[in-house]
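Reader: I would like a close look at a single part of this protein. Please keep it brisk.

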Amino acid sequence: MDTGTHLLVGFDGTFEADRALRWAVREAGLRRLPLTLCHAWRWPYPATYIDHNAAAIVRRMGEHLLDHGVRRARELDPGLTVRKRLMSGPAYSALLHLSGDAELIVVGSRPPDEVPPGSTALRVPAKAVRPTIVVRAAHVRHRRVVAGFDGSAAGDAALEFAVREAVLRGARLCVVQGCWEPGGAETGDLALYADEDKLRRVFGERLERAVAPWRERYPAVRVETALLLEPPRRALFAAADSADLVVVGDRGIGGTRPDGLGLIAAAVLQHAPCTVAVVPAAA
């Protein structure tokens with residue numbers, strides 16, 4: 001997985017943004033990277049209404065908010081290098097613009113089932129070429145990372161990211177595959193769904209082969225696998241209840257939405273109770 005030069009976090013002063021900031025500060029410290037805070041200010045009136053003095057005031061409000069975020073980050077970790085970027089326009093657009101050399105992007109999120117369709121928490125991972133962490137809880141309680149695996153390129157990238165997160169955090173790792181997804185199966189696998197024992201054996205062997213190199217490379221990490229004969233999203237929702245972080249690929253075998261985000265990734269982002277990382281195959 002390619003490494004970046006900094007960690008990027010969106011900050012708008014809300015409670016959700018403060019949670020994301022706390023996660024980002026800890027993540028930057030673990031990765032020994034500088035932290036870049038981004039705030040995007042927006043002109044709240046139609047573009048045809050021009051008032052340069054009012055626009056300057058709105059911009060200054062954004063600067064003050066960003067300075068507050070920088071002070072907050074330095075309070076959380078005095079030794080951390082913190083930079084700031086004030087942008088204009090939609091937050092998701094600003095984050096994507098700045099993310100090219102970022103190791104990962106961190107954004108806040110509303111509680112599960114309250115994430116609106118056009119939110120930054122959905123738009124950024126749909127378009128980003130870097131991993132995105134959507135923070136729902138800033139504190140680590142379970143010391144457990146869950147990776148969703150489906151054998152796709154994005155699934156492989158998600159597995160690698162999840163392993164590295166478990167290493168950084170000294171956490172357990174559970175690699176989950178809900179293999180009952182006939183609609184997304186390759187032609188050669190369709191016959192397996194008529195024989196559950198064979199389905200378990202074939203998919204179980206693939207899952208173990210994918211995990212084996214990581215077990216060998218990081219023997220200190222406790223790695224478990226779970227192959228479940230149920231839809232992937234249901235398997236991941238169940239695992240998320242006892243996880244601090246669920247990691248999924250951006251586009252797996254389960255189909256995609258019009259915005260390009262995978263259906264499974266979108267479902268996890270909208271409904272999982274814990275923090276979610278979405279990893280593109282390009283990472």
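Is glutamate 27 buried or exposed?

Author: Glutamate 27 is buried, at 0% relative accessibility. Buried means under 20% relative accessible area, exposed means over 50%, and partly exposed lies in between, with a 1.4 Å probe and protein chains only.

A word on the model. It is predicted, so local features need pLDDT of at least 70 and side-chain atom pairs count only at pLDDT 80 or more, while totals for chains, interfaces and linings use all residues. Residues are numbered from 1 along each chain as its sequence is written, and side-chain values use heavy atoms, with hydrogens and water left out.

Now the partner. Glutamate 27 forms a salt bridge with arginine 169, and the closest N and O atoms are 2.6 Å apart. A salt bridge here is a side-chain nitrogen of Lys or Arg within 4 Å of a carboxyl oxygen of Asp or Glu. This pair links distant parts of the chain: glutamate 27 sits in helix H1, arginine 169 in helix H5, and 142 residues separate them. Helices are DSSP runs (H or I, at least four residues), strands likewise (E, at least two), numbered from the N terminus. Arginine 169 is buried too, with a relative accessible area of 9%.

Next, glutamate 165. Its side chain meets that of arginine 31 in a salt bridge of 2.7 Å, N to O. Again distant parts of the chain are linked: glutamate 165 is in helix H5, arginine 31 is in helix H1, and they are 134 residues apart. Glutamate 165 has a relative accessible area of 0% and is buried. Arginine 31 counts as buried at 18% relative accessibility.

The side chains of glutamate 165 and arginine 169 meet at 2.9 Å, N to O. These two residues are 4 apart in helix H5, so about one helical turn separates them. An α-helix has 3.6 residues a turn, so residues three or four places apart point the same way.

By the same rule, the count of salt bridges comes to 14.
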